[in-house]
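Open the model in your viewer and keep the selection tool at hand.

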Amino acid sequence: MAYEVTATRKRPQLFDNLVGQEFVVSTIKNAIEQKRIAHAYLFSGPRGVGKTSSARILARALNCETGPTALPCGVCPNCKEITRGNSVDVIEIDGASNTSVNDIRQIKDEVLFPPQTSRYKIYIIDEVHMLSTSAFNALLKTIEEPPAYIIFIFATTEPQKVPATIRSRCQQFHFQLIDLHTIKACLAEAAEEMGVQADDDALFWIAKESTGSMRDAYTLFDQILSFSQDHITLEQISDKLGLVGIDQITEIVEFLLSGATQNALMSVQKLLDNGISIEQCIKDFTQFFRSLLLMKEGITEEDILGIQTDRIPLVVRGSYTKEQLEAALEMFLKLYRDIRFSLNPRFELELAISRLASLPHLASPTELVRKLASLKEDLLSGKVSQNKNPPRPAMATPKPEQKAVPPTQKAVEAEPVHRASEPDSVQEQPPVSKEPPAARAFTKSDVPTLVAKLSKTPILSQVALSIKEVEQENNSLKLTFSTGFCRDTAQENSELLGSLIKEISGYTGKITYLCTETEPTIHKGVEDPLLSSIASLFRGEVKNQPKNLQ
Ligand SMILES: [Zn+2]
């Protein structure tokens, strides 16, 4: 027997075989049973959901020797001829290639002759919206007063392009997209009939890709079957069609979450080296973050998610906030739009992956405002002290002189000699202990060890990585960071850093945190209203502020 594509082989021959269109099917069946037969039908809906198949079943139902019946016999000459497509009384016209008024005039002439062997002369016009305006006008005359034996069945994917004058003379039926599980079940049935083994996740993927079109699903199924050797697996599909598997994306995201950006970037390189296109990579990442976002909102239907939920580990699902997922999704959607104009799409993808690494630290403005408010509350209620360091006698009670230190102040150091005039503004790091300096000095070569020890807190390991200079003289260790942010973060975590440095080199003396970043000149005496209001939030006042903020 000649090879027949699955879509043709599985074409429904009865209304009851039509999947996913229960409403349409029951209405048409009832109408036929009650002998309420219209002279024009309009079947609208997306492609590949059964419009043309329904038109043929309807033609058989009307012309079957046992009919009109909702259950055509399928064996009488009329049924057989319609199935084969060579019935003289059922005329199929492709609206897309017969758009002119002359084609329609021909129909107008033909309808004057009654059917030869059947009850009705049926015209099935596919893609009817493609007809020209004059063709529609010519057709309108015929539909208005058709001979009793004429029936038109129009099918279209774009009903809004069919003139209202035509639509209003038709019984309209809207066909819907077929849901993912129904498609998957049909594919499983097709595979079983062919004696082919098919993995569940592979069929799920095909069903998802076909986006509700049964015909697309069968076509894709045939294509995959051609390279699958009697066993359809998702691995093979990913491999042959150049897809990024969900497992691979999960792996990359897990690397990013653990701070191993390098491994994540290498995994992406590997995907690209394996021939997966950059566009496909971006598409799959977009799909991944979309699914995570929907899951965050509590959606569990795999139909909607387009992903089998158990494929994503719980730890990944819980690692991002809604805002972070929105940001990631937005980034990939924008990236897909932008790569067409990019100097090098590969760079764009790498940049996106690198940005994903800092995603868990991304806070939305709403979140920041909330945190600031709660911090203010804590400060006012005295839950947290304004100074982490043990208060010196002079500072035991909060005084108006207590100064807020501007975040941009260069090199927060403990050298009183530099700031003798402003003792209160100095953030001093008290020596961890008064023991004499250790036998070994902490040097730049110890930085990688420090980074490794901080690997569990990605942000701190990044901070440690940004140490540019290490200088130690007796009981004073100076760490110079590349940015003010890193210096401040290090300062905030000085206790942890101090203990790790002690572990590495035995050094227990004072640590001073510096930075190399060029910062605005500090200008004294003039207050900026914005800075002052921020400072007042924390019950401080602005002593020094950068010139460029005035
Ligand atoms: Zn029949």
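Select helix 5, residues 101-110, and helix 6, residues 133-144. This is a predicted model. The two axes come within 8 Å and cross at roughly 10°. Angles under 35 degrees count as roughly parallel, so helix 5 is roughly parallel to helix 6. Their crossing is left-handed.

Now show side chains. From helix 5, pick Val101, Ile104 and Lys108. They meet Ser134, Ala135, Ala138, Leu139 and Thr142 of helix 6. Colour this contact by class: five residues are nonpolar, two polar and one charged.

Next, move along the chain. Select helix 8, residues 180-193, together with helix 10, residues 214-225. Here the axes lie 10 Å apart, and the helices pack at an angle of about 40°. That angle makes helix 8 oblique to helix 10. Helix 8 passes helix 10 in a right-handed crossing.

Which residues of helix 8 and helix 10 make the contact? On helix 8, show Ile183, Cys186, Leu187, Ala190 and Ala191. On helix 10, show Met214, Ala217, Tyr218 and Phe221. Colour by class again: the contact of helix 8 with helix 10 has nine nonpolar residues, no polar and no charged.

Helix 14 brings Ile278, Cys281, Ile282, Phe285 and Phe289. Helix 18 meets them with Pro345, Arg346, Leu349, Ile353 and Leu356. By class, the contact of helix 14 with helix 18 has nine nonpolar residues, no polar and one charged.

Now zoom out and select the whole protein chain. How many helices and strands does the chain have? Its secondary structure comes to 24 helices and twelve strands. The chain has 550 residues, and 43% of them count as buried.

The protein chain exposes about 28,800 Å². Carbon and sulfur atoms supply 54% of that area.

Last, look at contacts across the chain.

Notes
Residues are numbered from 1 along each chain as its sequence is written. This is a predicted model: local features need pLDDT of at least 70, side-chain atom pairs count only at pLDDT 80 or more; totals for chains, interfaces and linings use all residues. Side-chain values use heavy atoms; hydrogens and water are left out. Contact means heavy atoms within 4.5 Å. Helices (H or I, at least four residues) and strands (E, at least two) are DSSP runs, numbered from the N terminus. Ala, Val, Leu, Ile, Met, Phe, Trp, Tyr, Cys and Pro count as nonpolar, Asp, Glu, Lys and Arg as charged, and the others, Gly among them, as polar. Buried means under 20% relative accessible area, exposed over 50%, partly exposed in between (1.4 Å probe, protein chains only). Accessible areas come from the Shrake-Rupley method with a 1.4 Å probe; for residues, only the protein chains shown count as cover. Axes are lines fitted to C-alpha atoms, for helices over the stretch in contact, and angles run from 0 to 180 degrees between N-to-C directions. Angles under 35 degrees count as roughly parallel, over 145 as roughly antiparallel, 65 to 115 as roughly perpendicular and the rest as oblique. A crossing is left-handed if the near helix is turned anticlockwise from the far one by less than a right angle, and right-handed if clockwise.
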